[in-house]
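Dear colleague,

Please find below the structure for your review. My notes on the ligand site and on the contact between the chains follow it.

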Amino acid sequence: MKSVDLVGSAVGNTFRSKTRTILTILAIFVGAFTLTITNGLGTGINRYIDDTVAAMGADDVMTVTKVAENAADDGDGPREYDPDAIAGAQEGPPGTTSVVAPISSADIDELAGIDGVVRAQPVKSVDADYLVHDGGTKYEIGIGGFVAGMQLQLAAGEQPDAAASDFEVVIPDAYLEDLGFADADAAIGEPVTLAVTDAERTQHELEATIVGVSEASLGTSASAVPNDALNDALFDAQSTGLDASELDSYAQATVWFDPASPADEVTALQDRLTDEGYDSTTVAQQLGTFKAVIDGIVLVLNAFAIIALLAASFGIVNTLLMSVQERTREIGLMKAMGMGSGKVFGLFSLEAVFIGFLGSAIGAGLGILAGTGISSALGGALLADLPGLTLIAFDPVSIAVIIAVVMGVAFLAGTIPAIRAARADPVESLRYE
Amino acid sequence: MTTPILSARDVRKSYGRGANKFDALKGVSLDIREGESIAIIGKSGSGKSTLMHVLALLDQPTSGTVELAGHDTRSLTGTALNRTRNKTFGFVFQQFFLTANASVLENVMLPLKIAGVGRSERKRRALAALEQLELADKAKNKAVNLSGGQKQRSVIARALVNTPRVIFADEPTGNLDTATGAVVEDILFDLNREHGITLIIVTHDEELAARCDRRVHIRDGLIVDVVEAATATPATATAEERAA
Ligand SMILES: Nc1ncnc2c1ncn2[C@@H]1O[C@H](COP(=O)(O)OP(=O)(O)O)[C@@H](O)[C@H]1O
Ligand SMILES: [Mg+2]
């Protein structure tokens, strides 16, 4: 028998007993549908986290702080006063130090010399007083750092240009209305003024052009993001009047590593930094635990879907065993007519695979429709504060994998009846009184 | 003398073992000439079907050999055996064994489908076979909707669609009324005479057996009598006709 005819016959046989087949397909449908939705949930949330990671920083940088000398004996009674220590600007998980030592230019050079470090630069953190547009009301605002390679989630405009010498700023969309802009597009190209106060209590105002409007997202606060030129200018203005030693003191530094380096090399670099007395955090680490929790939840949900599929696969075994029983005579006849056992096996296992395909394709198809519907319904209501989050997202590869896995399960379930059919003895099947 | 198309040499077949052992065939030797019609006749349970299954290579004898055109069939296995079954033999059963919900055409095409014949070719040949049995107008009907005689004619069309050398008919008229049975018998003997197809009929019907060239009487797994019909056409003549 030709392969085409084998497939054709298998497909044709699937619908010989319609009710039974449809019920089996329904059982598989439930499993595949659930798997599609849970999987889509994982894809959607993780994709959102990935986007957020990009918005929080480039993937080839880590934030480095210097461990204060008195930080180690954290839990053993009161900490000794250290006039140079800087209260940690960065929140860390429990157990890590929150008091850091200042980083000087000499430390930056030391950092740059560590094996694996491409470049090191101090983080010039700026504390702005207010943001104002066109002589309107002044609003308080935080200043976020921008590193080349970072991808802010923008509602309009573009990323700040790290290389530009003009002052550029990206403002959060929460400020649009209060600053007097009709929408995000209207703000692009408009001037805004940022003010900082220096050590001598003098306020400096700097004017910048809005190049983009950012959307609030997980992990990023509503802060204005300047380009390097503006950040440096703000920092210099803020540092006016400080003596040289105070000037040369930063809370954090940014360290660049080879973006192509694998995870274990990054870990090795972090170990070397620890040996030198520095704490380091990559952007991925900041969200890593969160992602692990999501993955865990999705795994549990997927497990439920797989249990449903297993139950459905017993349905396949049952359906096909019944067909083999009913078609004993036909199988015997086909064998008497010279159909090989391998082909008989193929006929029944293809039938199982086809049932699996129908159930999973319909399940995945409706799963995608339902998931998309749920996402857009929730996106407008419950999750409106998290723009950019598609709760249930689908990627073609994982949908294809789901369908393939279900077809594989169906094949395995089909082997039991298919083997029984393949072993049928034509003489026994054709005997009558 | 030409080589017989099928020859059984001291064929024995036992079922079960130990105390339950039952000898269905107890040493049967029989030569079947190409182009002849032969009846295997005996009471129910005498071993007729068992002998037919062994001759049709559907079942292996417990001991003894079956030769097909002079070749020991024990050497036939796997694909070669399946090809031989498909190309050499056609079957007509008392209980038809048609797939009820498939069309008559689908049923008749089955052996060709198994043989791997292409779609249009097998349709052409199946329609030709149905034409021969005056069933072409029923090609699209479901097998379940046919009368008994039409069913048996479909089965004959299916048996001959792959131009076999031997047709085995196990009680071919057992499920038909006398008139319809007679029509089916005529068709089978026509095929034997005009196309030289060897016909092996298993029956307990003496009248049907009497129409065959030879009658082999079997009782309790042994051949007890072989009767040549007086008017039998010599097998050699049939072979010459075919060669012409
Ligand atoms: N699979 C089997 N196991 C045991 N006995 C069998 C089996 N098949 C056939 N027989 C026995 O072998 C004998 C011959 O059977 P069969 O060839 O079908 O007889 P017939 O076709 O002449 O009626 C019967 O007695 C039957 O009961
Ligand atoms: Mg019988």
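Please bear in mind that this is a predicted model. I begin with the ligand. A backbone N or O atom of Ser46(B) lies 3.3 Å from an oxygen atom of ligand 1, and for Gly47(B) the corresponding backbone distance is 3.1 Å. In Thr50(B), a side-chain N or O atom is 2.5 Å from an oxygen atom of the ligand. On its own, ligand 1 has 560 Å² of accessible area, of which the protein covers 69%.

Two elements of chain B, β2 (22-32) and α1 (48-55), each give two or more residues to the shell around ligand 1; α1(B) supplies the largest share, three residues. By class, the shell holds three nonpolar, six polar and four charged residues. Ligand 1 is placed between chains A and B, and Arg431(A) is among the residues that come nearest to it.

I turn now to the interface itself. Here 24 residues of chain B are in contact with 21 residues of chain A. The two chains bury about 2200 Å² between them, with 61% of it on carbon and sulfur atoms. On the chain B side, Phe97(B), Lys113(B) and Ile114(B) lose the most area to chain A, together 28% of what that side buries.

One salt bridge is counted between the chains: the side chains of Asp5(A) and Arg122(B) meet at 2.7 Å, N to O. Six residue pairs are in polar contact across the interface. α3(B) gives the most to the side of chain B that touches chain A, with four residues.

Yours sincerely

Terms used: Residues are numbered from 1 along each chain as its sequence is written. Chains are lettered from A and ligands numbered from 1 in the order in which they are written. This is a predicted model: local features need pLDDT of at least 70, side-chain atom pairs count only at pLDDT 80 or more; totals for chains, interfaces and linings use all residues. Side-chain values use heavy atoms; hydrogens and water are left out. A residue is near a molecule or strand if one of its heavy atoms lies within 4 Å of it. A polar contact is a pair of N or O atoms within 3.5 Å; within protein, one must be able to donate a hydrogen and the other to accept it, and residues adjacent in sequence count only if both atoms are side-chain atoms. Accessible areas come from the Shrake-Rupley method with a 1.4 Å probe; for residues, only the protein chains shown count as cover. Ala, Val, Leu, Ile, Met, Phe, Trp, Tyr, Cys and Pro count as nonpolar, Asp, Glu, Lys and Arg as charged, and the others, Gly among them, as polar. Contact means heavy atoms within 4.5 Å. Buried area is the accessible area (1.4 Å probe) that two parts lose on being put together, summed over both. A salt bridge is a side-chain nitrogen of Lys or Arg within 4 Å of a carboxyl oxygen of Asp or Glu.
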